[in-house]
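Here is a short report for a reader meeting this structure for the first time. Please keep the sequence and the 3D view at hand while reading.

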Amino acid sequence: MRNRTPGLAYSRGTRAQGRYLLLIDQYAVMSRSNSNLSPPGQFIDSPDSEFDELQFPDASHDSDTEEKIDGEKSDKSLPFSSLYDENKANRPIFLPNTNIEVEIIDVFRVGTNLLNPYLYIVQLKHGNYQWLIRRRYRHFQHLHHQLGLYYASLRLPIPIKKHKERRKTLKLNQISTHRRPRFPQKPDALIGAESLSRRSKQLEEYLQSLLSIPLYRTHPDTLAFLEVSRFSFVDGLGEKMKEGIVKKRAGGHRIVSGWKFLCYRCKNCCSRYSERWLLIKDTYIAYVHPQTGRVHFVILLDQGFDVQTGIYYTGIKDGILISNLTRRLLIKGFSGRSTKEWYDQIVDISKEIGGREFTQANRFVDGLGYFEAIADALEAAKEEIFITDWMLSPEIFLKRPILEGQKWRLDKILERKAKEGVKIFVLLYKEVELALGINSLYSKQRLVEKHPQNIKVLRHPDVAQATLLWAHHEKIVVIDQTYAFLGGLDLCYGRWDTHEHRLVDLGGVIRQRGPLQPGSVPKTSSTPNIPGFGAFAIFHLAQASHDLSSTPLKPVQTGKLRSSSLQDIEKNATTVQTSRSLLLPTAVPSSPNSIKSCDSSSESDKDEGDSILKIRLRKMRRHKRNKSLDNDEILGKKSKITQESLKSIGEHGDIGNLVDRTKTPRMPWHDIGIMVQGKAGRDVARHFIQRWNFTKSEKAKEHPSYPWLLPKSYSDLHDVPNLTHFQTNSLNCQVLRSVSTWSAGVKRTEQSIHDAYVDAIENAKHFIYIENQFFITQSADSKDVCNKIGDALYRRIVRAHKRKAVFRVYVVLPLLPAFEGEFGTVRGAAIQAITHWNYVSICRGPDSLMSRLKVVVGDPTRYITFYGLRNSGILFNDLVSELVYVHSKLLIVDDELAIIGSANINDRSMLGKRDSEIAVIIEDTDKQISKMAGQDVAVGKAVSQLRQQIFKEFLGVTPDSSRDIDVSDPISETFFKNVWLKIASLNTAIFEKVFNCIPTDLVHSFSELKSYQAQMPLYVSDRKFSEELIGRIRGFLVLFPLQFLCNESLTPAPGTKEALMPTSLWV
């Protein structure tokens, strides 16, 4: 290379200026000796030009730098899967077969820098990506110098003759198509304004030639000059924005204290700074280790995102303080100008993400359609799968009946997708094993062993890191950060169900039972404990037996039972609601201490069959230890698989299913789920990413196999296809959360679910429909319960009463809490405490909703009523009944707005700082005309269809039913009294008459409960008449028993372990 002068880029200070003056003097001497300079336009070819040529690299080295991209090549972006490429040498950076176009679009004098007075604005274009960089002459000079040194290092080994011939051939071929990069050596200090255009062209041609050579294009100094990294052109990460090296102060997660606090204004000398590659995208900022290329942290743009600069805020010169609800990041640029560029770019992207208009969504009633849609979406996944659950059963089948072997078993689906290269990330709630038996460790082990490289599972929280009291309660499945499923349904045993809510589901088990014999009475949560007729079954996991004691059987005359004719039952049923609603007790039982509420399954799935039993037995022998392989276990006791328990498993049983389902009916499960896609799906994905990254920072921060997750951009979501065969609706959608420091690492508690509930209730015009697992909400004066949902309902009903307007509130709850125990015994302290809190919120005590309303409106049932669900069936010729467990978390207002999610109506879910939850609020964009109290009103099409589907299911109108009920007007007197209330009252009367069900308004004390359970039920004494009565039942709707045990205090007795628990643990 001729006339080579060392590059002195990035030198500063007096010494640097002296060196540059020396460079200028040398250049002036050289210029005088070459008085005949080439004319403009011919300077590149002049043998005595002012250019320094950069030689072509050896062919052997150049061929090694060709970019290798696995999978399908695209000229638009790199595949998203390239983010997870662990091989640094094979990581793609640029688009294959795509040139980089260079144009210097502007140049102007900036500042008082005499050596490098001009700032060049360079526009770069690579495929569909376009971005600007700002560079001075010294930056070009530094790049040229570094590449020259790199080329020299390649020539140090003495090449053999063969390599020399290859280089000669390569040079001849390249000279014919490419010009050598030729760098103009004349400093900018010697360039006048009239020559700026020519200088810009020289630098532009130099850079364009340089980027045509793969070896130089992928050199680290070239990448830094271009502000390019392996994240720049990845599909889904959004447009190319500013990137580059900055200095990052260590300790962004820590609070300055001790002697360092005294040096707060001296952070620059008291803190350690390290160089990091800062990456800005449209919804997040990340920093990357320059050498390894691994992400070290991701800062999401959230409601607390802020950026500040200046010594007043940062304490250092040229500093930038970036903060969000998770952490604070202090960086500084290499100059004041670069700091301003970083600051301006970050300010441009800092915007709050609000509601999502025209979101395609689909809602699911019960588990059949929901699980099938998840199975289809998982099968269509191409890049990533996110799953988080309170409880997860790897062996659950998502599609039933099982017609294709184990194809649609959850762990098999995930294994299949992992082998295809899809990255799967699972977050599980790490339970306290002494309190819960959901066995998340087993779930983690079974999933990870399927494909350790592509299936990553984290459990949170650890006992030593977080609270013991709260749980991660979200239920989320996200596909490719675009399709999101959420609601109340965990991917575990007991959740799958159909609109029939069958009590018997034995698959291929066929067995005939003879006449009813002592010991053969089916065991349910509602069957009385009759000596001689068998003991009760324990409410396995989500059930609780409710027999009181073994009281001697009192003979009951069959004729007396028969005297209550069907007509009498129907007649009495019309007045049962009024008689019950006006008996609001005034006694206030003392507030109990509490135990943790549970969200669990009620039964196991029999569909897995004998093959799974054999597989699990082999796994047990391999691990040489007992494990809880199924989740249908007694609450609070970890399931232990023993030889004795294995003997009790039936022909089609499953390990862990310790209840004989040929004798005990299953508990049906009613739930609601929703699928959203597009931008709302990305919002749900961001919630998962925030939780995953927070959990990684706590548990696997330095573990490279657990990567930091990057959220996708919202800019590329156009015409998102539907992954399932279920029809979607266009809705306005907003994602809601309950999160805090312990659950998501955010500094500010978010309770947007609670706020949305309160706002929707207060703005309701015609009616409110609620389904929930709990109803724990009291007045603002309550010392124990803090959520404001009860207050909002009270204010809205009082307002309707004052205006004399027709307004109704429907509330559907499970008839009994999902806790084990027996009323009236020490073992029943838990279930009694939960029942207490539900009742003191609904109708008992001065802080209850109905007691407060009674003072103002008289009869509160004119405005608000409570219901449950129950079903009956035949198990091997035995009549059985069981409650339908309501687990959904649904609010519908005026058939226009709905909230669907995982949050219960209690403080645990609503306050944000306790259980973590997620939900979506949807509002119809497609309107239709309907009736409200006989008047035409505009309602949302999709929300109205959801409400009507639920109403018809509860009232016994199935899709294949020959009869139909008009449920379009939910607040009309005709529908409410003659249809809804009549059917609920009649069903309640029949169930109580035939099965002696509990809970019931006929039982006000423990002594009455003992007598009531001692009576022989009608289905035992008179089978024919019982079947006649059951035939009159319509659907599942029954009245919620407001007077059950109203004369008893259900608070835990002093001295019990439940009495020692804090109230805030479960209310």
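## The model

This is a predicted model.

## Aromatic pairs

The structure holds 35 aromatic pairs. One of them joins Tyr287 and Phe297. The two rings are stacked, with 6.5 Å from centre to centre and 20° between the planes. Tyr287 belongs to strand β8, residues 284–288. Phe297 belongs to strand β9, residues 295–300. The pair therefore ties together parts that are ten residues apart in sequence. Tyr287 and Phe297 are both buried.

Phe775 and Phe866 make another pair. Their ring centres are 5.4 Å apart and their planes stand at 80°, so this pair is edge-to-face. Phe775 sits in the loop between β23 (767–771) and α22 (789–802). Phe866 lies in strand β25, so the pair ties together parts that are 91 residues apart in sequence. Phe775 is buried, at 0% relative accessibility. Phe866 is buried too, at 4% relative accessibility.

## A ring cluster

Which residues do ring pairs link into a cluster? They are Phe80, Tyr84, Phe386, Phe425, Phe688, Trp692 and Tyr706.

## Charges over rings

Two arginines sit over phenylalanine rings. Arg217 lies over the face of Phe94, and the distance to the ring centre is 5.6 Å. Arg796 places its charged end over the ring of Phe807, 4.2 Å from the centre.

Ile311 is part of helix α10, which covers residues 311–314. Is Ile311 buried or exposed? Its relative accessible area is 56%, so Ile311 counts as exposed. The cut-off for exposed is over 50%.

Ser872 is found in strand β25, which runs over residues 864–875. Ser872 has a relative accessible area of 18% and is buried. The cut-off for buried is under 20%.

What does Ser872 touch, leaving aside residues up to four places away in sequence? Its contacts are Leu503, Val880, Ser881, Phe991, Phe995, Ile1030 and Ile1033.

## Cis peptide bonds

Arg400 and Pro401 are joined by a cis peptide bond, with omega at about 5°. Pro401 sits in the loop between β14 (384–389) and α13 (410–419).

Another cis peptide bond joins Ile998 to Pro999. Here, too, omega is about 5°. Pro999 is in the loop between α27 (973–995) and α28 (1006–1014).

## Positive phi angles

Phe358 is not a glycine, yet its phi is positive, at about 55°. This residue is in strand β13, residues 356–365. Phe358 is exposed, with 57% relative accessibility.

Asp719 also has a positive phi, near 55°, without being a glycine. Where does Asp719 lie? It is in the loop between α19 (679–699) and β21 (729–739). At 78% relative accessibility, Asp719 is exposed.

Key
Residues numbered from 1 in each chain as written. Predicted model: local features only at pLDDT ≥ 70, side-chain atom pairs only at ≥ 80, totals over all residues. Heavy atoms only, no water. Helix = DSSP H or I, 4+ residues; strand = E, 2+ residues; numbered from the N terminus. Buried < 20%, exposed > 50% of the residue type's maximum accessible area, 1.4 Å probe, protein only. Contact = heavy atoms within 4.5 Å. Phe/Tyr/Trp six-rings, centres within 6.5 Å; stacked < 30°, edge-to-face > 60°. Lys NZ or Arg CZ within 6 Å of the ring centre and 35° of its normal.
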